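Dear colleague,

I am passing a structure on to you with this email, and I would ask you to look through it slowly before you read my notes. Please keep it open beside the text as you go.

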Amino acid sequence: QVQLVESGGGLVQPGGSLRLSCTASESINRLYDMGWYRQAPGKPLELAAIITSSGSTNYADSVKGRFTISRDNAKNTVDLQMNSLKPEDTAVHYCNVKIAITHTNFWGQGTQVTVSS
């Protein structure tokens with residue numbers, strides 16, 4: 001089973017930055033898509049950013065231009081650099097790995113990001 005461990009969450013003021021990291025217990029290969037989802041208080045889970053097995057990226061409109069997702073297959077990691085943070089970015093952020101060929105999803109435990117003055 002793929003295990004995902006997230007780190008990097010915390011409390012920042014509006015306009016600040018955080019970098020989230022996710023480390024997978026298994027090697028990342030060409031079958032894996034990796035992404036970051038987030039769930040704000042009282043809101044449904046939503047996709048923030050994804051990087052596919054081929055390296056292409058997609059972002060939610062609300063984070064486009066502020067967040068950058070990256071992966072390092074050698075280190076089995078996917079990171080999310082979050083800049084110009086806004087209070088509405090406050091959410092629990094979850095790392096996700098999808099094995100496309102089997103439609104199987106694996107999730108991290110979640111890390112809290114709080115943006116407040």
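What follows is an account of what was found, taken one topic at a time.

Please keep in mind throughout that this is a predicted model.

I will begin with the disulfide. A search of the whole structure turns up 1 disulfide, and this bond joins Cys-22 to Cys-95, with an S to S distance of 2.1 Å. Because Cys-22 belongs to strand β3 (residues 18-24) and Cys-95 to strand β9 (residues 91-99), the pair ties together parts that lie 73 residues apart in sequence. The torsion about the S-S bond is about -85°, and the disulfide is therefore left-handed. Are the two cysteines buried or exposed? Cys-22 has a relative accessibility of 0%, so this residue counts as buried, and Cys-95, also at 0%, counts as buried for that reason too.

The next topic is strand β8 and its partners. Which strands pair with β8? One of them is β3, which runs antiparallel to β8 and is joined to it by 6 bridges; here Thr-23 has Thr-77 as its bridge partner. Another is β7 (residues 67-72), which also pairs with β8 in the antiparallel sense, over 6 bridges, and in this pairing the bridge partner of Arg-71 is Val-78. Strands β7 and β8 form a hairpin with 4 residues between the strands, and in this hairpin Asn-76 takes a positive phi near 60°.

Finally, I would draw your attention to Glu-6, which is found in strand β1 (residues 4-7). This residue is buried yet has no salt bridge, and the nearest side chain of opposite charge, that of Arg-38, is 13 Å away. What does the side chain of Glu-6 reach? The Glu-6 side chain reaches the backbone nitrogen of Cys-95 at 2.5 Å, and the backbone nitrogen of Gln-109 at 2.8 Å. Leaving aside residues up to four places away in sequence, Glu-6 touches several others, including Trp-36, His-93 and Tyr-94. Both cysteines of the disulfide, Cys-22 and Cys-95, are also among the residues that Glu-6 touches.

With kind regards

Methods. Residues are numbered from 1 along each chain as its sequence is written. This is a predicted model: local features need pLDDT of at least 70, side-chain atom pairs count only at pLDDT 80 or more; totals for chains, interfaces and linings use all residues. Side-chain values use heavy atoms; hydrogens and water are left out. A disulfide is a pair of cysteine sulfur atoms within 2.5 Å. Helices (H or I, at least four residues) and strands (E, at least two) are DSSP runs, numbered from the N terminus. Buried means under 20% relative accessible area, exposed over 50%, partly exposed in between (1.4 Å probe, protein chains only). Two strands pair if DSSP finds at least two bridges between them. Lys and Arg count as positive and Asp and Glu as negative; His and the chain ends are not counted. A salt bridge is a side-chain nitrogen of Lys or Arg within 4 Å of a carboxyl oxygen of Asp or Glu. A polar contact is a pair of N or O atoms within 3.5 Å; within protein, one must be able to donate a hydrogen and the other to accept it, and residues adjacent in sequence count only if both atoms are side-chain atoms. Contact means heavy atoms within 4.5 Å.
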